[in-house]
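Hello,

Here is the structure I said I would pass on. My notes follow below it.

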Amino acid sequence: MLLEVKTISENGSKDKMKLNFEDKNGHKAGGLLIWFGDISSYQVKWCYEWWKALPDSLPEEDDKVWGIQRTDQGLRVSCNGVTVVDELLSNETCVAANLRNPWNVIWGREIARINVSEADTASISYRITNKSK
């Protein structure tokens, strides 16, 4: 399953993409935040609580289609067809505090729904496809 999200946010706009993944029972199954700050960055929810910079090589167009896909080992994010994040989720990389369930319980659940948070100011449209990137 591949989630495609369209944004027109430029670096420095302070817009944010805020996605929450859920299983069929409404339990957390992961999530992703992307912040379009002076240095655009991302956070893998329920894995760690700090921000990592997105590559400087992001496509320059303001119109962007983000591909978000959970892999066997983690999370892959592409922007206009170019992989910009290929995050390994493991005991070494996922050290979020204050979790009722460990990261592998949350991220081990099958994604049935994707919620775009009301706090999301970047996402214009989205769709789920069966293709992979």
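**What was found**

At 35% relative accessibility, Arg113 counts as partly exposed (buried is under 20% relative accessible area, exposed is over 50%, and partly exposed is in between, with a 1.4 Å probe and protein chains only). Before going on, note that this is a predicted model, in which local features need pLDDT of at least 70, side-chain atom pairs count only at pLDDT 80 or more, and totals for chains, interfaces and linings use all residues. Residues are numbered from 1 along each chain as its sequence is written, and side-chain values use heavy atoms, with hydrogens and water left out.

**Salt bridges**

Arg113 is joined to Glu22 by a salt bridge, with 3.3 Å between the closest N and O atoms. Glu22 is in strand β2 (residues 15–22) and Arg113 is in strand β9 (residues 113–116), so the contact ties together parts that are 91 residues apart in sequence. Strands, here and below, are DSSP runs (E, at least two residues), numbered from the N terminus. Glu22 counts as buried, at 18% relative accessibility.

A salt bridge is taken as a side-chain nitrogen of Lys or Arg within 4 Å of a carboxyl oxygen of Asp or Glu. The whole structure has six of them. Another one links the side chains of Lys6 and Asp63, at 3.9 Å from N to O. Lys6 belongs to strand β1 (residues 2–7) and Asp63 to the loop between β5 (52–53) and β6 (64–70), so this pair ties together parts that are 57 residues apart in sequence. Both ends count as partly exposed: Lys6 has 32% relative accessibility, and Asp63 has 43%.

Asp86 and Arg76 form a salt bridge too, and their closest N and O atoms are 3.6 Å apart. Asp86 lies in strand β8 and Arg76 in strand β7, so the parts tied together here are 10 residues apart in sequence. Asp86 is exposed, with a relative accessible area of 51%, whereas Arg76 is partly exposed at 24%.

**The sheet that holds β7 and β8**

In what order do the five strands of the open sheet with β8 and β10 stand? The order is β8-β7-β6-β1-β10, and the pairing is antiparallel; two strands pair if DSSP finds at least two bridges between them. At the edges are β8 and β10 (123–129), each of which pairs on one side only. On average, neighbouring strands of this sheet are turned by 20° against each other, direction ignored (axes are lines fitted to C-alpha atoms, and angles run from 0 to 180 degrees between N-to-C directions).

Strands β7 (residues 74–79) and β8 (residues 82–88) run antiparallel and are joined by six bridges. Val77 has Val85 in β8 as its bridge partner. The two strands form a hairpin with two residues between them, and Asn80 in the turn has a positive phi of about 50°. Further along the sheet, β1 and β6 also run antiparallel, with five bridges between them. Glu4 stands opposite Gly67 in β6.

**The sheet that holds β2 and β9**

Another open sheet of five strands has the order β5-β4-β3-β2-β9, again with antiparallel pairing. Its edge strands are β5 and β9, each with a single partner strand, so one side of each is left without a neighbour in the sheet.

Strand β3 (residues 28–36) pairs with β4 in the antiparallel sense over four bridges, and the two form a hairpin with four residues between them. Leu32 has Val44 in β4 as its bridge partner, and Trp35 has Ser41. Strand β4 is joined to β5 by two bridges, also running antiparallel, and Tyr42 has Lys52 in β5 as its partner.

In a regular strand the side chains alternate between the two faces of the sheet. Strand β4 (residues 41–44) is covered on both faces: Ser41 and Gln43 on one side, and Tyr42 and Val44 on the other, are all buried.

Regards
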